[in-house]
Amino acid sequence: MTAKGAGRTLEVLATGPLTTIQDRGRHGLAALGVGTSGAADGGSHRLANRLLGNPEGAAVLEVTFGGLAVRARGGMFVAVTGADCPVTVDDRPVGRASVLWLPDGSTLRLGPPASGLRAYVGVRGGIDVAPVLGSRSTDTLAGLGPAVPRVGDRIPIGEAPVEEPRLDVAPVTVPTAGEILLRVVVGPREDWFTDASLTALLGSPYTVTSESDRVGMRLSGPGLERSREGELSSEGMVTGALQVPPSGQPTLFLADHPVTGGYPVIGVVLHADLDLAAQAQPGQHLRFVPARGGTHGS
């Protein structure tokens, strides 16, 4: 990943557990077998761009559990949103959810978050990599989009927009480190499960396991027993689907989920609550509550 010409770049010094490039994703291509992908926490992605005066869909860096270090090659404005990470510029602590100036040659670092999982580093002008199928998002399941940044890469930055940012800082709360409530629409395959399973899903906490990534998070809790034998034919999947394999332990699908699946889906988390789910750390508890209206994921 190299710069085009002599423009501004971010030189990658460290990536942490996983850093990817994300925008709003690839919408409307599921019939072709192409997933949506995009920022797992869409609200934090949009906020970073709003702070910088970028178009809301501009590409940013999504940083999982901190550890990112980048050096500015050319001065630039940045904003860090999402997880409650300690942020420094040349080892000087700076604020999150605020507009920061990176002088040429300065180093931005993100430490491990106290709460939340994914932080978003936006740059005024956006990450200027080549789009694939209309998006600059990295799909970790399908391998579409820009390559995962590596140490030594120089990530190109686009031309800054004409309109100036209107805010210096956004008054946002940090992600909770406690139990997360997620609203669920039961179905479409609730008839594959016993009444006791539905009671357990909506009445007991589930723990996020370490087997979690951008594709989905495997949960640990009361087993969800089926009321019938056999398997489904593959059918379409959406972000937020709670798919239940034979083990009875559900998987909550996130941004890079497959477009089809053969295990029954007992419920779907509302689209409005997916940002909360995307910030859950391993070991954190989720509690599912019945939705009072709302829409599914995509």
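Where is the place of Gly 240? Gly 240 sits in the loop between β15 (235-236) and β16 (241-243); helices (H or I, at least four residues) and strands (E, at least two) are DSSP runs, numbered from the N terminus. Before going on, a word on ground rules: this is a predicted model, where local features need pLDDT of at least 70, side-chain atom pairs count only at pLDDT 80 or more, and totals for chains, interfaces and linings use all residues. Residues are numbered from 1 along each chain as its sequence is written, and side-chain values use heavy atoms, with hydrogens and water left out.

Back to Gly 240. With 0% relative accessibility, Gly 240 counts as buried, a label for residues under 20% relative accessible area, while exposed means over 50% and partly exposed is what falls in between (1.4 Å probe, protein chains only). Leaving aside residues up to four places away in sequence, Gly 240 touches Leu 252, Phe 253, Gly 267, Val 268, Val 269 and Leu 274, where a contact means heavy atoms within 4.5 Å. For a sense of distance, Gly 240 and Pro 112 are 26 Å apart in space, C-alpha to C-alpha, and 128 residues apart in sequence.

Now zoom out. The protein chain has three helices and 20 strands, and its C-alpha trace spans about 65 × 40 × 30 Å along the principal axes. A compact globule with 298 residues would have a radius of gyration near 19 Å, and the chain's 20 Å agrees with that; the radius is taken over C-alpha atoms, and the globule rule is 2.2 Å times the number of residues to the power 0.38. Of the 298 residues, 51% count as buried. Take the contacts between residues at least 6 apart in sequence: 77% of them join residues at least 24 apart.

Next stop is Phe 288, found in strand β20. Phe 288 is buried, at a relative accessible area of 0%. Its contacts, again not counting residues up to four places away in sequence, include Leu 182, Val 184, Leu 219, Leu 242 and Val 269. Rings of Phe, Tyr and Trp (its six-membered ring) pair if their centres lie within 6.5 Å; planes under 30 degrees apart count as stacked, over 60 as edge-to-face and the rest as tilted. By this rule there are two aromatic pairs. One of them is Tyr 206 with Phe 288, a tilted pair at 6.2 Å centre to centre and 55° between the planes. Tyr 206 lies in strand β13 (residues 206-212) and Phe 288 in strand β20 (residues 285-290), so the pair ties together parts that are 82 residues apart in sequence. Both Tyr 206 and Phe 288 are buried.

Most residues other than glycine have a negative phi, and most peptide bonds are trans. Asp 91, in the loop between β6 (87-89) and β7 (92-94), has a positive phi near 70°. Ala 97 also has a positive phi, near 55°, and its place is in the loop between β7 and β8 (99-102). Are these two buried or exposed? Asp 91 is exposed, with a relative accessible area of 66%, whereas Ala 97 is buried, at 1%. As for the peptide bonds, the one from Gly 187 to Pro 188 is cis, with omega near 10°. Pro 188 lies in the loop between β12 (180-186) and α2 (195-201).
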